[in-house]
Amino acid sequence: MNPVTIFTLPFTRQAGWKSLQQRQIPIPVLAWCLVLPMSLLPPLLLYYAGTHYGDDFVAGFAGREWRFITTILFLAELLTFFLMGWLIHAVVNATRELSLSYHDAYLLAALAPLPLWSASIVLLIPSLLLNALAVLVALGISCNLLYHGLQALCKRSDNDVTTMSATYTIMAAGVLAWGMLMAMVWAY
């Protein structure tokens, strides 16, 4: 699969999804080769931002236990992958109109957070506004990735209300989990 196809996944249900589904990448391979390395980005870059920028980034940012916070964040991200795969499968298969295998659910669980993990690169720039904007854009792209992935993998048409409803439910749970992770970062 070429890089252009990968970058079009969040914006269409036609390009690349069938190829990804046919490859049948095993869930452990997704976890080890995609989720593990990409989920390292936010903790590493947050540790860098916390130890190098300190209070210049956000007031009270300097005196935190960044090793502890980023380790917990990393472990929580890995756990979230497995929980989101299960949740995607449960939500989609709860309706009569949609059907999704565990493999496809975990494929979506691995791909959906890619924009959010990639947005952590902006932590190299000590600007809270820029980082907040990057996260919001990444969240929107993640929603699109999940929606178009569900459309393609469940073989649904454009503007399908059932797929929209499933996407909304899954993203609501994902944003809630992500919000709890961020609250944990700020609490410690």
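Predicted model: local features only at pLDDT ≥ 70, side-chain atom pairs only at ≥ 80, totals over all residues.

Colleague: Helices first. At what angle do the axes of α3 and α5 cross?

Modeller: Roughly 5°, and the axes come within 10 Å. Here α3 is residues 27-52 and α5 is residues 102-111.

Colleague: So are they roughly parallel or roughly antiparallel?

Modeller: Roughly parallel. The cut-off for that is an angle under 35 degrees, and the axes of α3 and α5 cross at roughly 5°.

Colleague: Which residues meet there?

Modeller: From α3 you have I27, L30, L34 and V35. On the α5 side they meet Y102, H103, Y106, L107, A110 and L111.

Colleague: And how do the residues of that contact divide into nonpolar, polar and charged?

Modeller: Nine are nonpolar, one is polar and none is charged.

Colleague: How accessible is D158, and how about R13?

Modeller: D158 is partly exposed, at 46% relative accessible area. R13 is partly exposed too, with 24% relative accessibility.

Colleague: Which side chains make the other bridge?

Modeller: R156 and D160, again with 2.9 Å from N to O.

Colleague: Are R156 and D160 buried or exposed?

Modeller: Both R156 and D160 are buried.

Colleague: Now the annotations. Where does UniProt put the "transmembrane region" feature?

Modeller: The unreviewed entry places it at residues 27-48, 68-92, 104-123, 129-147 and 168-187.

Colleague: What does the chain look like over 68-92?

Modeller: That stretch is 100% helix and 0% strand, with its end C-alpha atoms 36 Å apart. Residues 168-187 are also 100% helix and 0% strand, and their end C-alpha atoms lie 28 Å apart.

Colleague: What residues does UniProt list for the domain "Yip1"?

Modeller: Residues 16-178, according to the unreviewed entry. Over that span the model is 74% helix and 0% strand, and the end C-alpha atoms are 27 Å apart.

Terms used:
Residues numbered from 1 in each chain as written. Heavy atoms only, no water. Axes fitted to C-alpha atoms, helices over the stretch in contact; angles between N-to-C directions. Helix = DSSP H or I, 4+ residues; strand = E, 2+ residues; numbered from the N terminus. Parallel < 35°, antiparallel > 145°, perpendicular 65-115°, else oblique. Contact = heavy atoms within 4.5 Å. Nonpolar A, V, L, I, M, F, W, Y, C, P; charged D, E, K, R; others polar. Buried < 20%, exposed > 50% of the residue type's maximum accessible area, 1.4 Å probe, protein only. Salt bridge = Lys/Arg side-chain N within 4 Å of Asp/Glu carboxyl O. UniProt positions renumbered as here; feature names shortened; annotations may be inferred.
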